[in-house]
Amino acid sequence: MPAIRDITTAVYRLLAADGALAGMCGIYKGAKRPVRAANPSLTVRAERLARGGGEGIWMCDITVTAYADMLPNGTAGTETLDGIMGRVNTLLADAEIELAGAKTMPLIEGDSTGPLWDRAHADEAYCERVYGLLFVGFR
């Protein structure tokens, strides 16, 4: 059965392989972008891997977070964030992720937030979108 890191890597590969998205932002695996990474940037992570309702069925969330610098007037760079998240949605909505030892169902678009601001990072805004992944794991 695939582990969280395998799922994160599979989604990361799909996003990083897209030239348009790679031209818009840096793409990173994990819950937080690297400290020295410049904005705009994007992180992807799988989380909450749990058993589903049937034999061998598993589910988890894929969380994608886009970061952009605040504009000189102090507002969020919504145009940048919207462009990045629009491209992400084109790539991930209904996509079937390739996982060794598993058959995946198309990703389900879930909640989205943003743009949001974090006091610890006063010079940037971010937004998130969650996708649901359902798969059957083979032993």
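1. R48 and E47 form a salt bridge, with their closest N and O atoms 3.9 Å apart. The term covers a side-chain nitrogen of Lys or Arg within 4 Å of a carboxyl oxygen of Asp or Glu. R48 counts as exposed because its relative accessibility is 56%. The cut-offs here are under 20% relative accessible area for buried, over 50% for exposed, and partly exposed in between (1.4 Å probe, protein chains only).

2. A word on the basis. This is a predicted model: local features need pLDDT of at least 70, side-chain atom pairs count only at pLDDT 80 or more, and totals for chains, interfaces and linings use all residues. Residues are numbered from 1 along each chain as its sequence is written, and side-chain values use heavy atoms, with hydrogens and water left out.

3. The structure holds 8 salt bridges. One of them joins K103 to E96, with 3.1 Å between the closest N and O atoms. K103 is partly exposed, at a relative accessible area of 40%. E96 is partly exposed too, at 45% relative accessibility.

4. E109 and R129 also meet through their side chains in a salt bridge (3.6 Å, N to O). E109 lies in strand β5 and R129 in strand β6, so this pair ties together parts that are 20 residues apart in sequence. Strands (E, at least two residues) and helices (H or I, at least four) are DSSP runs, numbered from the N terminus. E109 is partly exposed at 41% relative accessibility, whereas R129 is buried at 15%. Salt bridges with shared partners join R45, E47, R48, D61 and E128 into one network.

5. Strand pairing comes next; two strands pair if DSSP finds at least two bridges between them. β3 and β6 run antiparallel and are joined by 13 bridges. Within β6, Y131 stands opposite I62. β5 also pairs with β6 in the antiparallel sense, over 7 bridges. There, W117 has A125 of β6 as its bridge partner. β4 and β6 pair in the antiparallel sense over 3 bridges. T104 has its bridge partner in β6 at F135.

6. How many aromatic pairs does the structure hold? The count is 1. Y67 and Y126 make a tilted pair, 6.1 Å centre to centre, with 35 degrees between the planes. Y67 lies in strand β3 (residues 57-69) and Y126 in strand β6 (residues 121-137), so the pair ties together parts 59 residues apart in sequence. For reference, rings of Phe, Tyr and Trp (its six-membered ring) pair if their centres lie within 6.5 Å; planes under 30 degrees apart count as stacked, over 60 as edge-to-face and the rest as tilted. Y67 is buried, at 11% relative accessibility. Y126 is partly exposed, at 22%.

7. Y67 has a charged neighbour as well. R33 lies over the face of Y67, 5.5 Å from the ring centre. The charged end of K29 sits over the ring of Y12, 5.8 Å from its centre. The test is NZ of Lys or CZ of Arg within 6 Å of the ring centre and within 35 degrees of the ring normal.

8. On the surface, M59, M105 and L134 form a nonpolar patch, with about 220 Å² of accessible area together. Patches take residues with over 30% relative accessible area and no salt bridge, joining like charges within 9 Å and nonpolar side chains (Val, Leu, Ile, Met, Phe, Trp, Tyr) within 5 Å. Areas come from the Shrake-Rupley method with a 1.4 Å probe; for residues, only the protein chains shown count as cover. M105 sits in the loop between β4 (102-104) and β5 (108-118). M105 is partly exposed, at 32% relative accessibility.
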